[in-house]
Amino acid sequence: MTTPEESIAAAHDRYGAHPGYRALHAKGLLFKGTFRPTPDGARLSRAGHLRAESVPLTARLSNGSGDPDDPDHGFDVRGLAVKLYLPDGSKTDIVAQTLPFFAVSGVAAFNEQLRASKPGPEMAWRMPLFLARNPRVALALPRLLPHLRPPASYATHRYHALHAFKWIDPEGGERYVRYVLAPEAGEASLSPSEARKRGRDYLRDEILDRVARTPVRFALELQVAGPSDDPDDPRTPWPGDRERVVAGTIDLTEPDREREQGDDVLVFDPTRVVDGIELSDDPILRFRTRAYSASVLERTGVHRPEKLA
């Protein structure tokens, strides 16, 4: 069985070790904001943030690379993680990124993919060997590569939470849903040459300028599972005709320069849920919290990140 430490080692092998930074998504920006639920969201779950008028949040926009010095114009996954602060003092997190599904079969294959994609002469044989061993990934590449193109802005990407969660409504009814954070600004990407012209930090500069002018809004869009959809398998997209519901809106209103200063440790963990939302039995989802614990311990020396904000 793959351990969290092995996954962190694979990330360091691919991107190098950068003390004090996350093993993946090392380069990012924090924002303050607000979540406002819709009546449809309150209908589908009794969770506190869906019953309140609004709740505050902290969000982090990031690049997927584990190297904080990698430029913004590279082909890469982008991330949007959101921490919601409920009226009763509890917290719940949404962790999303730009690929619409997992292509790999599990954590061990993901680690192998990281190592195979390391730039250098060995990539010429490592990546074909990885694809030969993982034909599902090879078949998925045409669908995944467009989601790795440099975006025009962090605000012009759709972010997928990948895993399914069970939502429990006020009457006890249950349904599985997947989350998408859909941009109000619409979707837009750049050619590699145009992205390079905008500079190494163009995403950072653009989003700071944008949020200074107006809040950056995303809709929390739910895709509701049908009877034949497997909630425990993040590798398989659900059919496009499944019911979709907007459960709320996320507004990023200003940079947050107070968090992650000094001894403050901020952890976004998709398994941090509250009453009214439950985890599926997805093994990749269950593994992620263990990997985050190990990663936080490595970068900060802090144990038990589930107790952290």
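A residue is called buried when its relative accessible area is under 20%. By this cut-off, 7 of the 10 residues of strand β1 are buried in the predicted model, so β1 is largely enclosed by the rest of the structure. Strand β1 spans residues 28-37. Two partners flank its description here. With strand β2 (residues 55-63), β1 pairs in the antiparallel sense, over 8 bridges. In this pairing F31 stands opposite A59 of β2. With β8, β1 also pairs in the antiparallel sense, over 7 bridges. Here G33 stands opposite L252 of β8.

T34 has a relative accessible area of 17%, so it counts as buried. Neighbours within four places in sequence are left aside in what follows. T34 is then in contact with S54, V55, P56 and L57, and also with T249, I250 and D251.

Of its 7 residues, 6 are buried, so β4 is largely enclosed by the rest of the structure. Its partner is strand β3 (residues 78-85), and the two pair in the antiparallel sense over 7 bridges. K83 stands opposite D93 in β4. Together β3 and β4 form a hairpin, with 5 residues between them. The turn contains G89, which has a positive phi of about 95 degrees.

The largest nonpolar core has 46 residues. Within this core, V82, W167, Y179, L181 and L252 touch the most other members. Strand β7 (residues 216-224) supplies the largest share of the core, with 5 residues. Apart from this core lies another, of 16 residues, which includes F101, A103, M127 and L148. The contacts of V82, beyond four places in sequence, take in L57, T58 and A59. They also take in T92, D93 and I94, together with L181, I250 and F268.

The loop between β8 (244-255) and β9 (277-279) holds D269. E260 is found in the loop between β8 and β9 as well. Is D269 buried or exposed? Its relative accessibility is 7%, so D269 counts as buried. Beyond four places in sequence, D269 is in contact with D93, V95, T289 and Y292. D269 and L285 are 16 residues apart in sequence, and their C-alpha atoms are 9.7 Å apart in space. E260 has a relative accessibility of 27%, so it counts as partly exposed. Outside four places in sequence, E260 touches R22, L30, L266 and R299. One of these, L30, is 230 residues away from E260 in sequence. In space, the C-alpha atoms of E260 and L30 are 9.0 Å apart.

Two packed helices are described by the angle and the distance between their axes. The axes of helix α1 (residues 4-15) and helix α8 (residues 283-300) come within 8 Å. They cross at roughly 65 degrees. The crossing of α1 and α8 is right-handed. On the α1 side, the contact involves P4, E5, S7, I8 and H12. These residues meet F287, R290, A291, A294, S295 and E298 in α8. By class, the contact of α1 with α8 has 5 nonpolar, 3 polar and 3 charged residues.

Note on methods. Residues numbered from 1 in each chain as written. Predicted model: local features only at pLDDT ≥ 70, side-chain atom pairs only at ≥ 80, totals over all residues. Heavy atoms only, no water. Core = buried A, V, L, I, M, F, W, Y, C linked by side-chain atoms within 4.5 Å. Buried < 20%, exposed > 50% of the residue type's maximum accessible area, 1.4 Å probe, protein only. Helix = DSSP H or I, 4+ residues; strand = E, 2+ residues; numbered from the N terminus. Contact = heavy atoms within 4.5 Å. Pairing = 2+ DSSP bridges. Axes fitted to C-alpha atoms, helices over the stretch in contact; angles between N-to-C directions. Left-handed = near helix turned anticlockwise from the far one by under 90°. Nonpolar A, V, L, I, M, F, W, Y, C, P; charged D, E, K, R; others polar.
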